[in-house]
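Hello,

Here is the structure I promised to pass on to you. Have a look at it first, and then read my notes below.

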Amino acid sequence: MAAVAKNQEATAARLDRLTVPSSGQWAAETREATLSRLREMGLPERRDEYWKYTRPDTLTQADAPAAAVYETGEAPLFDRFDRIKVVFVDGVFDEDQSDDLAGEGLSIERLADAVEKDIHWAKELYGVLEAKGQVPVERPLAAFNTAYATDGVVIHVTGKVAKPVNLIYQHKAESSDAVLHHVIKLDAGAEVTVLENGPAAARFNKSMEVDVADSAAFHHVRAQGRDHERRAVTHLFGRLGTESVFKSFTLTVNGRLTRNEAVLELTGDDAVAHVAGACLGDGDFHHDDTVFVTHDAVNCESRQVFKKVLRNGATGVFQGKILVQPGAQKTDGYQISQSLLLDEDSQFLAKPELEIYADDVACSHGSTSGAIDEDALFYLRARGVPKDIATDLMVMSFVAEAVEEVESEELRDEIIGRLESWLERRRG
Amino acid sequence: MLEIKGLKVKLEEEDKQILKGVDLKVEAGKVHAIMGPNGSGKSTLSYVLSGKDGYEITEGEATLGGEDLLELEAEERAALGLFLAFQYPVEIPGVGNMTFLRTAVNAQRKARGEEELSAADFLKEIRAKAKTLKIDADMLKRPVNVGFSGGEKKRNEILQMAMLEPKMCILDETDSGLDVDAMKLVSEGVNALRDAGRGFLVITHYQRLLDHIKPDVVHIMADGRIVKTGGPELALEVEKNGYADILAEVA
């Protein structure tokens with residue numbers, strides 16, 4: 001108890017220095033309730049079981065560690081797509097660079113505007129999935145986000161939206177500390193694709209809460225990188241209704257500290273939830289995928305596919321769980337987490353978990369860590385492919401299973417093309 | 001073309017001598033066959049020549065067109081014109097067959113200081129060559145060897161050979177896992193590549209492949225050495241009597 005009390009005290013001291021963003025009635029109430037939850041649970045500490053493999057201190061400390069602004073010199077990802085651009089610079093919405101926040105089949109608003117109102121539909125979602133996601137594992141940085149988020153988007157999808165919504169982040173100030181929160185509500189039968197890319201800030205805490213109603217489909221493709229200095233914690237909360245689809249893919253390249261949490265709950269029968277990620281890490285790279293999928297309905301399918309390519313001492317972490325609640329019969333759950341270690345200095349820490357309370361389910365999980373297949377490498381080299389290119393072909397081969405989770409062929413090609421060009425640059 | 005002199009090779013990981021002094025010379029335009037019982041060192045010879053790790057060369061030399069092969073990386077040997085058709089072609093999920101081949105063709109061209117093949121030219125060439133080997137567009141697009149049948153894998157090896165146009169081709173038990181029709185198709189592919197400027201070394205257990213790919217010279221390998229060399233009739237003798245007679249004769 002002493003440790004808990006001490007952490008609560010430290011958390012209180014940290015929070016007392018912060019100002020809750022200006023809010024109208026609904027948001028003020030939500031933030032106040034969230035703050036009391038947060039004070040109760042305390043900010044994450046290194047000794048927390050859920051933070052065993054990833055040090056939370058730079059994410060929780062008062063000041064964001066500075067991060068050099070990264071100039072990529074390459075065309076931003078998704079540039080060739082017709083999409084609705086929503087740009088945030090160091091965590092602040094940039095109207096000039098953004099498109100009109102309007103589109104057929106959806107309404108988009110800035111969170112900063114939505115929270116100023118006394119009554120807003122976002123109340124039924126903002127912080128709601130987050131609060132639900134605190135059980136059985138606490139996620140204090142997500143609560144922190146709900147309490148302090150200064151901006152974001154609030155999207156209501158009413159129909160099948162053809163143009164993707166592209167959330168674009170830009171990092172311009174060396175010590176920026178951004179807290180963004182997006183809320184996306186899909187009505188029954190609605191469909192939308194949300195893209196995210198760009199370095200956001202020196203320190204970035206981002207939440208996305210997505211409510212997918214019956215027969216709706218949510219597609220999410222995100223790229224993080226190559227800004228190596230950033231520290232980021234993101235939470236993706238999803239609730240899935242009957243026959244709905246939720247598919248999320250994240251590509252991460254570089255980053256001293258990235259923790260991506262996904263918390264999905266399948267609440268309606270016949271729903272499908274896929275969450276996948278591929279990352280390339282080098283040197284003092286630390287990447288953590290923490291996933292929690294709860295099956296609470298019949299005949300649902302979930303897939304977790306995570307691939308990490310690590311070298312020069314990079315660290316990859318995977319904590320993934322499938323929880324099958326009583327009655328969630330005919331569940332089809334799959335989880336695979338694998339690392340390709342390009343040298344002996346890198347490490348992969350994996351904690352795959354299954355917890356099943358129904359008797360008619362098919363759940364499988366696997367986790368592997370390995371070096372490049374020497375026979376395959378030889379095969380490629382024997383055809384004249386130089387070792388470095390052959391190694392990168394094997395890297396592409398390794399991440400393919402995760403990349404294939406991107407349903408749109410165009411987006412998949414975009415991701416593959418970018419991965420190839422990144423690998424080519426890395427080869428020099 | 002290919003010249004091997006007194007080649008002795010042991011495994012890197014254990015103290016086991018596999019090749020105990022191999023002498024062999026394959027001239028341009030000729031097809032040499034190596035036959036021999038299991039464990040005689042035939043596949044090891046093909047791996048050592050093409051640059052696979054895990055072997056230590058304790059003595060001897062191997063040259064291709066006068067260039068020392070054994071000092072080169074596998075990809076450099078390939079660019080020099082050496083090609084190994086694998087006994088067990090490797091599956092590479094997630095890498096398209098066409099992407100792989102184009103990368104290989106252009107890497108070799110680059111290494112030789114030649115201009116890279118444009119996407120259009122490559123496509124034209126591979127389509128024509130695939131057609132003669134009855135490899136359809138779908139197989140070209142699929143990941144390298146993934147889900148290919150035994151025969152498809154071997155046809156794919158020959159397609160690679162046809163695209164890379166090597167000077168010296170080593171075929172390591174290309175007939176294994178092939179039915180009669182597939183063997184005919186693969187052999188036709190190989191025969192189409194027979195050329196005055198190209199040498200072949202065909203490693204096989206059985207005479208039947210040599211019915212289709214007619215050798216000029218047949219070698220019998222046993223216990224890490226070439227123990228007998230002769231004409232095509234030597235292969236027929238093996239087929240008829242097995243290796244026992246020959247081995248007893250040279251012992």
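In chain A, helices α2(A) and α6(A) cross in a left-handed way. Please keep in mind that this is a predicted model.

Two packed helices are described by the angle between their axes and by the distance between those axes. Here, α2 (residues 25-41) and α6 (residues 140-148) of chain A pack at an angle of about 150°, and their axes are 8 Å apart. Angles over 145 degrees count as roughly antiparallel, so α2(A) is roughly antiparallel to α6(A). Which residues of α2(A) meet α6(A)? Among them are Thr30(A), Leu35(A) and Met41(A), and the residues they face in α6(A) include Phe144(A) and Ala147(A).

**Strands in chain A**

Now find strand β6(A), residues 165-170. Five of its six residues are buried, so the strand is largely enclosed by the rest of the structure. β6(A) runs parallel to β1(A) (residues 84-89), joined by six bridges; one pair to look for is Val86(A) with Leu167(A). β6(A) also pairs in the parallel sense with β8(A) (residues 191-197), over four bridges, and there Val165(A) partners Val194(A).

**The sheet in chain B**

Chain B has an open, antiparallel sheet of four strands in the order β2-β1-β4-β5. Because β2 (17-26) and β5 (67-68) of chain B each have a single partner strand, one side of each is left without a neighbour in the sheet. Strands β1 (residues 2-11) and β4 (residues 55-64) of chain B share eight bridges, with Glu3(B) partnered by Thr63(B).

Enjoy exploring!

Conventions
Residues are numbered from 1 along each chain as its sequence is written. Chains are lettered from A and ligands numbered from 1 in the order in which they are written. This is a predicted model: local features need pLDDT of at least 70, side-chain atom pairs count only at pLDDT 80 or more; totals for chains, interfaces and linings use all residues. A residue is buried if 20 or more other C-beta atoms lie within 10 Å of its own, exposed if 12 or fewer, and partly exposed in between; C-beta atoms are placed from the backbone. Helices (H or I, at least four residues) and strands (E, at least two) are DSSP runs, numbered from the N terminus. Two strands pair if DSSP finds at least two bridges between them. Axes are lines fitted to C-alpha atoms, for helices over the stretch in contact, and angles run from 0 to 180 degrees between N-to-C directions. Angles under 35 degrees count as roughly parallel, over 145 as roughly antiparallel, 65 to 115 as roughly perpendicular and the rest as oblique. A crossing is left-handed if the near helix is turned anticlockwise from the far one by less than a right angle, and right-handed if clockwise. Two residues are in contact if their C-beta atoms, placed from the backbone, lie within 7 Å.
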